[in-house]
Amino acid sequence: MSKGRRWVVPLGWLALLLVATFGMGQLEGVFRWIEADSRQVIYARADFVTLLGRHLLVVSVAAVLAILLGVGAAIAATRDWGRDFLPLVSQLASIGQTFPPVAVLALAVPVLGFGTLPIIVALLLYGLLPIVRNTLAGLEGIDPGVMEAARGMGMSGGQILRQVELPLAAPVILAGIRTSVTINIATAAIGATVGASNLGDPIISGIVNGNTAYVVQGALLIGLLAVSVDSLFSRLPLAGSR
């Protein structure tokens with residue numbers, strides 16, 4: 001596939017997302033058919049462009065923190081001095097995803113207050129496992145012969161990590177990041193329950209007010225965003241190589 005055609009599908013999904021975000025008001029007739037008895041069928045408490053931006057911001061901040069913490073912990077656990085902590089790192093990452101995000105929010109709100117911070121903490125914990133697991137798999141799956149050759153060339157531990165281990169493990173690590181981000185795009189919607197305004201707002205409002213049209217609008221944009229981001233990840237050069 002040529003470089004230009006590789007991006008046709010991701011850009012197509014992105015275009016659909018933007019059309020839906022900016023043109024939601026033009027679909028009032030469609031949503032009127034879904035929710036014929038409601039006086040208002042287009043969510044209007046905040047514009048969808050703003051909600052999309054806030055949603056992306058929360059997911060992006062949580063993803064950056066999860067990548068730094070997850071990849072860093074996995075690297076530390078695969079060093080000679082950190083191998084004793086390898087089971088602990090894996091278990092802690094698993095526990096983070098075992099806790100339901102709603103429970104994390106309930107525990108975080110009394111400490112952090114309402115708003116964006118509790119949902120970032122919930123997404124961070126929920127997104128760690130795929131990153132940690134894939135980073136460990138990528139680093140531990142490198143051929144021992146390659147590592148031995150690198151040492152034989154006189155490379156230091158830091159040089160081996162930067163020039164050999166991370167480049168070879170990058171496709172597997174990227175797959176974990178892709179999974180983490182895609183899951184958290186959907187999970188971030190629950191932030192609306194604690195005052196973190198994002199694309200979950202129409203969904204929660206629709207559930208509270210019995211307005212199915214609101215729920216569909218939020219779900220549609222979140223779904224398009226998740227598919228767009230996942231499609232972009234799939235077209236990155238490292239995603240298809242090992």
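Reader: Let's start with T135. Which helix is T135 found in?
Author: T135 sits in helix α7. Keep in mind as we go that this is a predicted model.

Reader: Got it. Is T135 buried or exposed?
Author: T135 is buried, because its relative accessible area is 0% and the cut-off for buried is under 20%.

Reader: Nice. Which residues is T135 in contact with, leaving aside its neighbours within four places in sequence?
Author: With those neighbours set aside, T135 is in contact with V71, A74 and I173.

Reader: Let's zoom out. How many helices and strands are there in the chain?
Author: The chain has eleven helices and zero strands. Its C-alpha atoms fill a box of roughly 75 × 50 × 20 Å along the principal axes.

Reader: And what share of the chain do buried residues make up?
Author: Buried residues account for 44% of the 242 residues in the chain.

Reader: What about contacts between residues at least 6 apart in sequence, how many join residues at least 24 apart?
Author: Of those contacts between residues at least 6 apart in sequence, 75% join residues at least 24 apart.

Reader: Okay, on to the core. Which residues touch the most other members of the largest nonpolar core?
Author: Those are V181 and I185, in a core of 59 residues. Several elements give two or more residues to this core, among them α2 (8-23), α7 (116-140) and α11 (212-234).

Reader: Which element gives the most to this core?
Author: That is α4, which gives twelve residues. There is also a second, separate core of six residues, including I142 and M147.

Reader: Back to I185 for a moment. What is I185 in contact with, besides its neighbours within four places in sequence?
Author: Beyond those neighbours, I185 is in contact with H55, V59, I222, L225, A226 and V229.

Reader: Now the helix pair α4 and α9. At what angle do α4 and α9 pack?
Author: They pack at an angle of about 140°, and their axes are 10 Å apart. That angle makes α4 oblique to α9, because roughly antiparallel would need an angle over 145 degrees. As for handedness, α4 passes α9 in a right-handed crossing.

Reader: Which residues make the contact?
Author: On the α4 side, they are H55, V59, A63, I67, V71 and I75. From α9 come L161, L166, I173, I177, V181, N184 and I185.

Reader: Last one: how many of the residues there are nonpolar, polar or charged?
Author: The contact of α4 with α9 has eleven nonpolar residues, two polar and no charged ones.

Technical notes
Residues are numbered from 1 along each chain as its sequence is written. This is a predicted model: local features need pLDDT of at least 70, side-chain atom pairs count only at pLDDT 80 or more; totals for chains, interfaces and linings use all residues. Side-chain values use heavy atoms; hydrogens and water are left out. A nonpolar core is a set of buried Ala, Val, Leu, Ile, Met, Phe, Trp, Tyr and Cys residues joined through side-chain atoms within 4.5 Å. Buried means under 20% relative accessible area, exposed over 50%, partly exposed in between (1.4 Å probe, protein chains only). Helices (H or I, at least four residues) and strands (E, at least two) are DSSP runs, numbered from the N terminus. Contact means heavy atoms within 4.5 Å. Axes are lines fitted to C-alpha atoms, for helices over the stretch in contact, and angles run from 0 to 180 degrees between N-to-C directions. Angles under 35 degrees count as roughly parallel, over 145 as roughly antiparallel, 65 to 115 as roughly perpendicular and the rest as oblique. A crossing is left-handed if the near helix is turned anticlockwise from the far one by less than a right angle, and right-handed if clockwise. Ala, Val, Leu, Ile, Met, Phe, Trp, Tyr, Cys and Pro count as nonpolar, Asp, Glu, Lys and Arg as charged, and the others, Gly among them, as polar.
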